[in-house]
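Hi there,

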Amino acid sequence: MPTDTVGSRIRYWRIRRGGMSQTVLAGLAGLSQPYISQVESGHRSIDRRSTLIAIAAALQVTVADLLDQPGDPTDPALLGAADAVPAIWAALLEISDGDRRVTTMPSEQVTVGLRDSNQRRLAADYPAMARGLPALLGEAAGHGGPILAEAAYQAATCLRHLGHRHLAVDAARIAQAAADDVDHHAWAGAARFAYVQALPVEAAGWHPGSRLGPWATCNSRRRTHEYGRFLVSCIWLRRCEQRATATLPTPTGTWSRPNGRPPR
C-alpha cells in the first residue's frame, strides 16, 4: 500500500485498526465520511492542525506517524516527554551493552512499578509513562527474565507512540532477548509484536484485508511458530490489562489485585 501522502497514511492506519471504516473514523474525529474519503484519495488536503490532531487521536497514533516525520514536540501526545527520551535511550544502551546495574528494589516492588506504568499506558498517558521508564528499565535489567521483558515491551510501546520508532525497535529486541533467555513464550510473542509495530510503514509487511499481516503469506514453520507465540501473547496481555483494571469489592471500598499474577 503506498504511504507517500498524509491521506494514504491515514488509510494505512485506519486499516490496521481492525479494518476501521471511514464512517467510524469520521465519527471519532468529529468529521464527515466524505471528507475522510477525499483526504485519503488525495483530492483534499488537511489545512488545520486541529483536524490532523483529531484524526491522529482517533487512530491512536501520533501526528508524526501521519506526517511521516520524527517526533514533533508540539504534538499533544509528546508534551512533557522530550526530556525523558534521552534517559530511556541511555538505559537501553546500558542493557544492550550488558551493563547491568545492581538492583535496589526487590522484584515485587519492580512489579508494582510496572503495573503502575501499565496503567499509564492504558490511559495513553505516554509522557508520564516515559518519565518513569528510565528507572524501571535499570531496575528490571538487574532482575532480567520476564521482568525485563515487560519493562522493555512497555518502553517499546511508549517510544513508538512518542514517534521514536528506531528506539522502539531496540527496546522490542531487548524484550524478546529477555523473554527468550527464560523461554517465556508469551512475552517473546508480545516483544515480536511490538517489534513489527515499531517498524516503518514500508517495512511492516502489512497486507490490507488480512489480520495476519506478515504471517498470512508465509508457510514456513518458523513463521507459524512466531504467529502462535503472538496469539499466546495477545491472550496474556489481555489478561494483564484485565488484571490492571480489575477491582475487587471490600467492605470499605475497592482495591486492586495486589499480586502480579494474572487471574485464574
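Below is what turned up, starting with the charged pairs and ending with a glycine in a loop.

Please keep in mind that this is a predicted model. Two salt bridges are present in the structure.

One of them joins arginine 14 and glutamate 40, whose closest N and O atoms are 2.7 Å apart. Arginine 14 sits in helix H1 (residues 6-16) and glutamate 40 in helix H3 (residues 33-41), so this pair ties together parts that are 26 residues apart in sequence. Are these two residues, arginine 14 and glutamate 40, buried or exposed? Both are buried.

A salt bridge also links the side chains of aspartate 170 and arginine 173, with an N to O distance of 3.9 Å. That value still counts, because the cut-off is within 4 Å. Here both partners belong to helix H10 (residues 165-181), and because they are three residues apart, about one helical turn separates them. Aspartate 170 is partly exposed, at 31% relative accessibility. Arginine 173 is partly exposed too, with a relative accessible area of 47%.

Now for the glycine. Where does glycine 30 lie? Its place is the loop between helix H2 (22-29) and H3. With 63% relative accessibility, glycine 30 is classed as exposed, because the threshold for that is over 50%. Glycine 30 and alanine 54 are 24 residues apart in sequence, while their C-alpha atoms are 7.6 Å apart in space.

Happy to go through any of this with you.

Best wishes

Terms used
Residues numbered from 1 in each chain as written. Predicted model: local features only at pLDDT ≥ 70, side-chain atom pairs only at ≥ 80, totals over all residues. Heavy atoms only, no water. Helix = DSSP H or I, 4+ residues; strand = E, 2+ residues; numbered from the N terminus. Buried < 20%, exposed > 50% of the residue type's maximum accessible area, 1.4 Å probe, protein only.
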